[in-house]
Amino acid sequence: MNARLVVLVSGAGTNLQALIDACADPAYGATVVAVGADRDGIAALGRANAANSAIPTFTVKVKEFSTRSAWDEALADACEQFSPDLIICAGFMKLVGKAFLDRFTGRCLNTHPALLPSFPGMYGVRDALAYGVKVTGCTVFLVDEGVDAGPVLAQAPVSVYDDDDEATLHERIKVSERALLVDTVGRMARHGWSVNDDRKVRIGT
Ligand code: GAR
């Protein structure tokens, strides 16, 4: 089976690019069938358009809906059009809500630039640096109704250097993050996955 991936983005899209590049190998087991965004004019949408056979894109902006739940429903509808096996939030800077999760819980994953449950939220890199940790990293997890709180799929550590600032540390985390995301999505696509009642995730049988 070739898993159908819908990737949601808000910014540079380097994680998206890593997935697009991985999908070029048929043995990877997945294809990016669409890229969705919450805003126009971002580099990530350019990456979708520039892909070998241009990847369809859609944009669903919060401000175009009268309520957040209407936006949530519209985002879910837009994703559903592409019959995804997995939805990947790759630097998507919006929290999805109940309408979205009612349809996609268990097959929507996110990537975060810290070792959850430490430093959830918008500023995972900044918060880790401010706390003074010597090791941080990245986490790929299944999205639930919490903020960066869902079952963990994979994690990788990254050392913090004395002279790091937020930008240098984030760039180093992103190198690990791209590899972790590509590896995790590929294993899920090829081998399947399950989540126990105690929120432990198992990839493969
Ligand atoms: C990634 O580091 C991702 O973990 C982070 O945004 C970056 C996106 O990079 N996401 C969050 O902080 C979500 N809370 P990219 O656009 O180059 O893939």
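This briefing walks through helix packing, ring contacts and some backbone details in the structure above.

The model is predicted.

- The buried residues of helix 1 are Thr 14, Asn 15, Leu 16, Ala 18, Leu 19, Ile 20, Ala 22 and Cys 23.
- Their cover includes strand 1 (3-9), strand 2 (30-37), helix 2, strand 4 and helix 6.
- Cys 23 belongs to helix 1, and its relative accessibility of 15% makes it buried, because the cut-off for that class is under 20%.
- Beyond its neighbours within four places in sequence, Cys 23 is in contact with Leu 5, Tyr 28, Ala 30, Thr 31 and Val 32.
- The C-alpha atom of Cys 23 is 9.8 Å from that of Asn 2, and these two residues are 21 residues apart along the chain.

**Helix 1 against helix 2**

- Helix 2 covers residues 43-50, and its axis is 9 Å from that of helix 1, at an angle of about 15°.
- Angles under 35 degrees count as roughly parallel, and helix 1 and helix 2 are therefore roughly parallel to each other.
- The crossing of helix 1 past helix 2 is right-handed.
- On the helix 1 side the contact is made by Thr 14, Leu 16, Gln 17 and Ile 20, and on the helix 2 side by Ala 44, Arg 47 and Ala 48.

**Helix 5 against helix 6**

- Helix 6 also packs with helix 5, at an angle of about 115° and with the axes 9 Å apart.
- The helix 5 and helix 6 crossing is right-handed.
- Val 125, Arg 126 and Leu 129 of helix 5 meet Glu 166, Leu 169, His 170 and Ile 173 of helix 6.

**Rings and a charge over a ring**

- Searching the whole structure gives 4 aromatic pairs.
- One of them joins Phe 58 and Phe 82, which count as stacked because their ring centres are 5.9 Å apart and their planes are at 15°.
- This pair links distant parts of the chain, 24 residues apart: Phe 58 is in strand 3 (residues 57-59), while Phe 82 is in the loop between helix 3 (68-80) and strand 4 (86-89).
- Phe 58 is buried at a relative accessible area of 11%, and Phe 82 is buried at 17%.
- Elsewhere, Arg 172 places its charged end over the ring of Tyr 161, 3.8 Å from the ring centre.

**Backbone details in the loops**

- Leu 116 and Pro 117 are joined by a cis peptide bond, with omega near 10°.
- Pro 117 sits in the loop between strand 5 (108-112) and helix 5 (124-131).
- Phe 119 is also placed in the loop between strand 5 and helix 5, and its phi is near 55°, a positive value in a residue other than glycine.
- With a relative accessible area of 17%, Phe 119 is buried.
- Arg 199, in the loop between strand 8 (193-195) and strand 9 (201-203), has a positive phi near 65°, again in a residue other than glycine.
- Arg 199 is partly exposed, with a relative accessible area of 41%.

Terms used. Residues are numbered from 1 along each chain as its sequence is written. This is a predicted model: local features need pLDDT of at least 70, side-chain atom pairs count only at pLDDT 80 or more; totals for chains, interfaces and linings use all residues. Side-chain values use heavy atoms; hydrogens and water are left out. Rings of Phe, Tyr and Trp (its six-membered ring) pair if their centres lie within 6.5 Å; planes under 30 degrees apart count as stacked, over 60 as edge-to-face and the rest as tilted. Helices (H or I, at least four residues) and strands (E, at least two) are DSSP runs, numbered from the N terminus. Buried means under 20% relative accessible area, exposed over 50%, partly exposed in between (1.4 Å probe, protein chains only). A charge sits over a ring if NZ of Lys or CZ of Arg is within 6 Å of the ring centre and within 35 degrees of the ring normal. Contact means heavy atoms within 4.5 Å. Axes are lines fitted to C-alpha atoms, for helices over the stretch in contact, and angles run from 0 to 180 degrees between N-to-C directions. Angles under 35 degrees count as roughly parallel, over 145 as roughly antiparallel, 65 to 115 as roughly perpendicular and the rest as oblique. A crossing is left-handed if the near helix is turned anticlockwise from the far one by less than a right angle, and right-handed if clockwise.
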